[in-house]
Amino acid sequence: MRLSVPAALAALALGLPVLFIPILPAEPAAAARAAVFLELSPSTVPAGDDVGLRASCDDNLKAATVNSGLFGTVTVAPRYGFLTATARVPSSTRPGDYRIDLRCPDGATASATLHVVAKVQPARGPATGAGGTAPGRSAPLLIGSGLAVIAAAIGLGVVALRRRRLG
């Protein structure tokens, strides 16, 4: 029995995708664990600043706890479909990387790393000019000169108006 070319191509076209079907994982719990996470915003903060915590567990209607050596235990509460809270990094914290751990009510866990950097204060303001408009010893002279210029302009305006009327 001879097979026609269109029939052979049709069989190939229908049979070829079977070779590329992805194999599903044997354990479906691995895909469910991907929904458990902890995000830090920002992930790099100077000591003494606040950090936002956003987490997700399998059940985001129940509060979970976040533990850290930096700020102790913080409860993340349900809000807008996620578990959120804010924590302050103590100002005495040394720069470095700190592990933050999430523990869900069902026992699932996740972790994130918080990068703490040293808080740097500028020594003085930026050099933006000579400060000619800043008050100082020359302030009365500047104010007096400005008033004299305004008075002279008013006087010249009055003289100019009188000349037009007379002439």
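Visitor: In which helix is I143 found?
Guide: I143 is found in helix α3, residues 139-166. Helices here are DSSP runs of H or I with at least four residues, strands are runs of E with at least two, and both are numbered from the N terminus. Before we go on, please keep in mind that this is a predicted model, where local features need pLDDT of at least 70, side-chain atom pairs count only at pLDDT 80 or more, and totals for chains, interfaces and linings use all residues. Residues are numbered from 1 along each chain as its sequence is written, and side-chain values use heavy atoms, leaving out hydrogens and water.

Visitor: Why is I143 called exposed?
Guide: Buried means under 20% relative accessible area, exposed means over 50%, and partly exposed lies in between, with a 1.4 Å probe and protein chains only. I143 has a relative accessible area of 56%, so I143 is exposed.

Visitor: What makes I143, L147, I150, I154 and V158 a patch?
Guide: Patches are made of residues with over 30% relative accessible area and no salt bridge; nonpolar side chains (Val, Leu, Ile, Met, Phe, Trp, Tyr) are joined within 5 Å, like charges within 9 Å. These five, I143, L147, I150, I154 and V158, form a nonpolar patch on the surface, with about 500 Å² of accessible area together. Accessible areas come from the Shrake-Rupley method with a 1.4 Å probe, and for residues only the protein chains shown count as cover.

Visitor: What does UniProt list for residues 141-161?
Guide: The unreviewed UniProt entry lists residues 141-161 as "transmembrane region". UniProt positions follow the numbering used here, feature names are shortened, and annotations may be inferred rather than shown by experiment. In the model, that span is 100% helix and 0% strand, and its end C-alpha atoms lie 30 Å apart.

Visitor: How do you know that C57 and C104 form a disulfide?
Guide: A disulfide is a pair of cysteine sulfur atoms within 2.5 Å. The sulfur atoms of C57 and C104 are 1.9 Å apart, and a disulfide joins the two residues. The pair links distant parts of the chain: C57 sits in the loop between β3 (50-56) and β4 (64-68), C104 in the loop between β7 (96-103) and β8 (109-117), 47 residues apart. A search of the whole structure finds one disulfide.

Visitor: Why is this disulfide called left-handed?
Guide: The torsion about the S-S bond of C57 and C104 is about -85°, so the disulfide is left-handed.

Visitor: Is C104 buried or exposed?
Guide: C104 has 4% relative accessibility, so C104 counts as buried. C57 is buried as well.

Visitor: And why does S56 count as buried?
Guide: S56 has a relative accessibility of 6%, so S56 counts as buried. S56 lies in strand β3, and a polar atom of the S56 side chain lies 3.1 Å from the backbone oxygen of A35.

Visitor: What makes E39 and R54 a salt bridge?
Guide: A salt bridge is a side-chain nitrogen of Lys or Arg within 4 Å of a carboxyl oxygen of Asp or Glu. The closest N and O atoms of E39 and R54 are 3.1 Å apart, and the two residues form a salt bridge. The pair links distant parts of the chain, with E39 in strand β1 and R54 in strand β3, 15 residues apart. E39, at 38% relative accessibility, counts as partly exposed, and R54, at 32%, also counts as partly exposed.

Visitor: How many salt bridges does the structure hold?
Guide: The structure holds four. Among them, D50 and R88 meet at 3.4 Å, N to O, linking strand β3 to strand β6 across 38 residues. Another is D59 with K62, at 3.9 Å, N to O.

Visitor: Why is R88 called exposed, and why is D50 called partly exposed?
Guide: R88 has 53% relative accessibility, so R88 counts as exposed. D50 has a relative accessible area of 37%, so D50 is partly exposed.

Visitor: Which kind of peptide bond joins S41 and P42?
Guide: A cis peptide bond, with omega about -5°. P42 lies in the loop between β1 (37-41) and β2 (44-46).

Key
Polar contact = N/O pair within 3.5 Å; in protein donor to acceptor, adjacent residues only side chain to side chain.
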